[in-house]
Amino acid sequence: MEGLLGILGVLIAVGGVSIPIIAILAFLEVRRLKDEVKHLKSEMMLSQRALLQLKARIDGDVIDDYELAPSVSSSEVALSTDVPHSENAPVTPTSPPQKASSRHSHADPKISESQQDAWDGSDEATPFQILLSHVTAHLKRNWLIWSGGVALVFGMGYLMQFVGSRVTVSPEVRIASALSLSVLVVMLSEWLHRQVQAGRWALDRVVGKQYIPATFSSAGMTGIYTSVVFGTVSYDLFSPTLALALIALTALFSLGMSLRYGSLMAVLGLIGGYTAPIWVGEGQPNYWVLMGYISAITAVAIYVQHRLREDWLPPLVVLAHLFWLAMCSVDRSANAFAVWSMVYYPLSLYLLAIVPQQGWRIAAVYRQRELGWYNPGFVSVLILALFVTLNWIDPADVRFLPALMVTPLICLLLPKIRKGYCDHRAQWHALSAAIGGALLQGQYLIDGYGDAAVLSLPVTIGIALWLIVMTFSHYLQYRASYRSVVSYWWLVTSTPLTMIAWLLYVDSNVSSGLMVMTVVTFVVSLGFVFLAWRDQRLRGDMTMMLHLTVLVLNWLWFDNALFTSLLVLQLLVMSMQLWLSSLLIRALTVKVALTLLIARLTLLPFVADWHVSWLPDSATAIANGVPAFLVLSYLMVRLRRHQHQLADWFEAAAVHVLALIVLMQIHYWWTGSTLIYKAVDFTSVSFWLIQSLTLIAVYGHRAKSATSMIIFYRCYRYGLMLVSAYSMMALHTTYLPLTEETVSAAAWPLFNGLSMGWLLPGILMVIIGRKRLQPPPFEAAWITWSGIALIAAWVGLSIRQFWQVDTLHYLADTSMAEWLTYSGALILSGATWTYWAVSQHQVRHQTLGLAVMGAAILKVFLLDASYLDGIWRAVSFLGLGLALIGLGWLFQTLKRRQQTVNDVQ
C-alpha cells in the first residue's frame, strides 16, 4: 500500500509539471495559427486592393489611394506592416511612419515592454501615478501568466507538503525527493528560457513571454524553500544555522536569477530571504549574525534593483530591512544596543540611503536614472528617527554617547567621504544628521532634574566638536559646489541656528549652564568670523547670522532698557557696515533689525515686564526712546550723505520714536503711568484715539515727501485707522458720559476727560482732513466732518458738565440755564458758520450755517417757549432776535462791499 502511495505521488508530481507544459504548448500553437489566419486575411485585402486599382487604371478612372482605407481595419493594417512582402507583391501607398517619441527613442533597453507602454502620455503624471500605470499595464498584459505562476507556486508548496507528510518513506528520502523535483523544475525553467530566447514555437509573438520561464523557476524555488523548512521544522534534518544558510543561498540565487528571468524572481527572492528567520529561528537569536544576514539580502536586492530598475522594489526592500532592524534593536539592553548600532545603523544608511543615490563606490556626482518616488533622504530620516526613538525609550549610559553619535556622524560624512563633497541631492542626509545628533546630545546634556539639574561638561564639549565638524563639512561642500543654493544656505544657517537652539534649550531647562553654552557659542562663532573674512561671497549672509546670534545672546542675558540700548548699538554697527565696503552686509538685515527696534519701542507702553523696576516710571520713555532717537537721527543724516536708500527708513523710524516718546510722557503726566494698556478705561481709550490720530498725521505728512516707504506708511496708517475707529466706537458706547460715570460733573471745565475724548481728537481729525493726510481710499471730507461732529459733541457735553452738579447722565434733570445755553450755542454756531461762509463765498457752507440757525429758531419757538418760563424765556427770544438782526445786517453789509468791489473792477 505504501508503494502504491509512492507511485501515486510521483504520478501526481509528473502530472503537475507536465500538464501546465502541455497547456502552454497548446496555447502557443493556437496563437501561431491565429497569426497565420490574420496574415492570410491581410494578404487577401491587399490583393483585392491591387486588383481594384488595376481595373481603375484600365478603365481610365482615377481612384484616390485612401478611398478604400476604411475597409481595412486598423489591426489588419498594423499586421500588414509587420509581414514581409514577396518580390511580386503589389506596392500600396502607406502613410509616412510616425516619429518615435523622445522617451522611446532614448528608452533603456532593460526596461520591460509593459513599462514602455505604460509610459506613453505620462510625462505630466506624478511618480506615483506613473508607478500605478506601470503596474496596471503590466497586469493587463500578463495577468494570465502571473495567475499561472501563483498557481504553480502554491501547487509546488502543496506537493512538498504531500510528499513530506503522506508518502511513507524515510524523512531523508522525502526531503531529497522534494528537493530533486524542485531542482528539476528550475532546470525546466532554464530550458524554457532558452527556447524563448531562440524564438522557437512562435514564442516571440507571445505578449509577456519572458514571464513564462519565471513562473516555473518561481515554483521550483518555492519547492526548495518549503523543503528546507519542512526538513528543519518537522524532521530536524538541518540545524537552524544550516537551514538559514541554505535559504539565504536560495534567496540570493533567486535575486540573481531575476536578472535573467525578470521581476517575479526578485519578489520570490525577497519573500524567501526576509521571511527565512521566521521559519527556522528558535530561541534567542544571535543579533550580530541575523542582522548581517538581512544586510546581505538587502545588498543583493539593491544590486538587482539597479539592474532591473523596478520602481516598486526599493520601498519593499526598505520596509523589510527596517522591520528587521527594529526587531533586532528592541530586544536588546540599552548599552548592548549602543555598541551594536555602531555597525548596523551606519550599514543600513549606506545600503538604503547612500547606494541608491551615489552608487556602491559613493561617487561625489552619481549619474543614473531618476529614482521616481523613492527618496533616499527620507529613508535616512526614517533610520535616524528609529534610532533616536529607541534610545529615548531606553537610553544607554552617558559613556556610550560617542558610540551613539557614530550613526549621525556617518550620515553626515559618508556621502562626502571620497572627495569631501557630494551631489546636491545627497545634501538632505546632512539635515537628518543634524537633527538626529542634536536630539541625542540633548538627551544627555542635562544631569539631574529640577533645581538639581546641571550641565554635563563632557557633552557640552562634544556639542562644540559636533558643531565644528558640521561647519567644516558644510564648508567643503560649499567650496566644491559654490553655485548650489542649497549648499550655500545650509552652510550659512545650519550651525548658527543649531547654536541658537542650544542656547534657548539650556536657558529654559538649566539656566545655570547658560554661561558655558555662551562660551561654546563664542568659540564656534569665531570660526564663522574666520570663514566670513576668508571668503567674501559668504561675508554678507554670515554677518547676518552672527548678528542674529548676538541678538539672541543679548536677549538671554539682558533685559528692559539695557537690551533696547544694546539693540540700538547693534543697529549702529550694522549701519556702519553699509558704508564700509570691507564689511559687507545685506540691506535686508538692517531692515529687520530696525523693524525689531521699532516693534519693541511700540510695544513698550503695553508690556509691563519690559519696564525697569529700579528706574522711575517717569524716566521709562526717556531711557528707552532717547538713545534710539539720537542714533536713528545720526544714521539718517549719515546715510543721506551717502545717498543710501535706507535713509528714508531711518527717517521714518526717528519720527516714529519721537512721537512715541512724546505720547508716553504725556500719558505719564496725565495718568501717572507709562503703561497705556495697564487698565482699559475711559482715559486709556481716549489716549489711544489721540495717539493713533497723531501718528496718522505724522506718517501722512512723511508720505507726501517719501519715495521708497509709501507702501509702509499707507499700511501703517490703515492699522492706525482701525485703532481710531475702535476707540471712537468705545467712547460713544461703553464710555459715553451720558450713560456711564466716566467724567465727573465736578471737574474743571475744559480741563477734563471730555477734552481728551472729543475736543483733541476732533481738532486732529479736522487737521488731517484739511491737510489731506489720511490714507486712500478715505476721503478728506469724511475725516473733516467726523472731526466737526466730535467738536460739536464736545460742546454739548461740556455744556452739560458745566451746569450739572452730580452726574452727566441723560436721566438727570436739565436746568433752564443749561437748556438756554444749548440754544445760545446753536445760535452762535450757526451765526459764526454763516458769517465765515459768506466772507469766503462758500455757498454750500452758507446753506449749512443757515440750516443750523433754522434749527436754533425751531428750538426757541417750539421747545424753549414751552420748557422755559419767566426771565429765561424772555432771554431766549431776545437772544434769537438780536442774532437774526445782526445776521441780517451782516448780510447787507457784505452785499454792499461785494457790489463796491464789482463796480471798481
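In which helix is the place of Gly824? Gly824 sits in helix α29, where helices (H or I, at least four residues) and strands (E, at least two) are DSSP runs numbered from the N terminus.

This is a predicted model, in which local features need pLDDT of at least 70, side-chain atom pairs count only at pLDDT 80 or more, and totals for chains, interfaces and linings use all residues. Residues are numbered from 1 along each chain as its sequence is written, and side-chain values use heavy atoms, with hydrogens and water left out.

With a relative accessibility of 36%, Gly824 counts as partly exposed. On this scale, buried means under 20% relative accessible area, exposed means over 50%, and partly exposed is in between (1.4 Å probe, protein chains only). The C-alpha atom of Gly824 is separated by 7.5 Å from that of Gly879, 55 residues apart along the chain.

Phe378 belongs to helix α13 (residues 376-393). Its relative accessibility is 49%, which places Phe378 in the partly exposed class. Between the C-alpha atoms of Phe378 and His429, 51 residues apart along the chain, the separation is 8.4 Å.

**Helix α12**

Helix α12 spans residues 334-358 and bends by about 50° at Ser341. The bend at a residue is the angle between axes fitted to the seven residues ending there and the seven starting there. Of the 25 residues of α12, 19 are buried, so the helix is largely enclosed by the rest of the structure. Gly359 follows α12 and has a positive phi, near 85°.

**Salt bridges**

A salt bridge is a side-chain nitrogen of Lys or Arg within 4 Å of a carboxyl oxygen of Asp or Glu. Five of them are found in a search of the whole structure. The table includes three of these pairs.

| Side chains | Distance, N to O |
|---|---|
| Arg537 and Asp535 | 3.2 Å |
| Arg586 and Asp541 | 2.2 Å |
| Asp648 and Arg640 | 2.9 Å |

The salt bridge between Arg586 and Asp541 links distant parts of the chain, 45 residues apart: Arg586 is in the loop between α21 (560-579) and α22 (587-603), while Asp541 is in helix α20 (residues 536-557). Arg586 is partly exposed, with 40% relative accessibility, whereas Asp541 is buried at 2%.

In the pair of Arg537 and Asp535, Arg537 has a relative accessible area of 42% and is partly exposed. Asp535 is buried, with a relative accessible area of 7%.

In the salt bridge of Asp648 and Arg640, Asp648 is buried at 8% relative accessibility, and Arg640 is partly exposed at 41%. Salt bridges that share partners join Arg640, Asp648 and Glu651 into one network.

Ser575 has 0% relative accessibility and counts as buried. The side chain of Ser575 reaches the backbone oxygen of Leu571 at 2.9 Å.

Gln577 is buried at 8% relative accessibility. The side chains of Gln577 and His547 are joined by a polar contact of 2.9 Å. A polar contact is a pair of N or O atoms within 3.5 Å; within protein, one must be able to donate a hydrogen and the other to accept it, and residues adjacent in sequence count only if both atoms are side-chain atoms.

**The largest pocket**

The largest pocket has a volume of about 970 Å³. Of the 27 residues that line the largest pocket, the closest to its centre are Thr784, Trp785, Ile788, Trp833 and His845. On a 1 Å grid over the protein atoms alone, a pocket is an open set of points where a 1.4 Å probe fits, with protein on both sides within 12 Å along at least five of seven lines; lining residues have an atom within 4 Å of a point. Grid points are joined across faces, edges and corners, and a volume is the space filled by probe spheres set on the points.

Helices α27 (753-771), α28 (780-803), α29 (816-839) and α30 (843-867) each supply at least two residues of this lining. The largest share, eleven residues, comes from α28. By class, the lining has 16 nonpolar, seven polar and four charged residues. Ala, Val, Leu, Ile, Met, Phe, Trp, Tyr, Cys and Pro count as nonpolar, Asp, Glu, Lys and Arg as charged, and the others, Gly among them, as polar.
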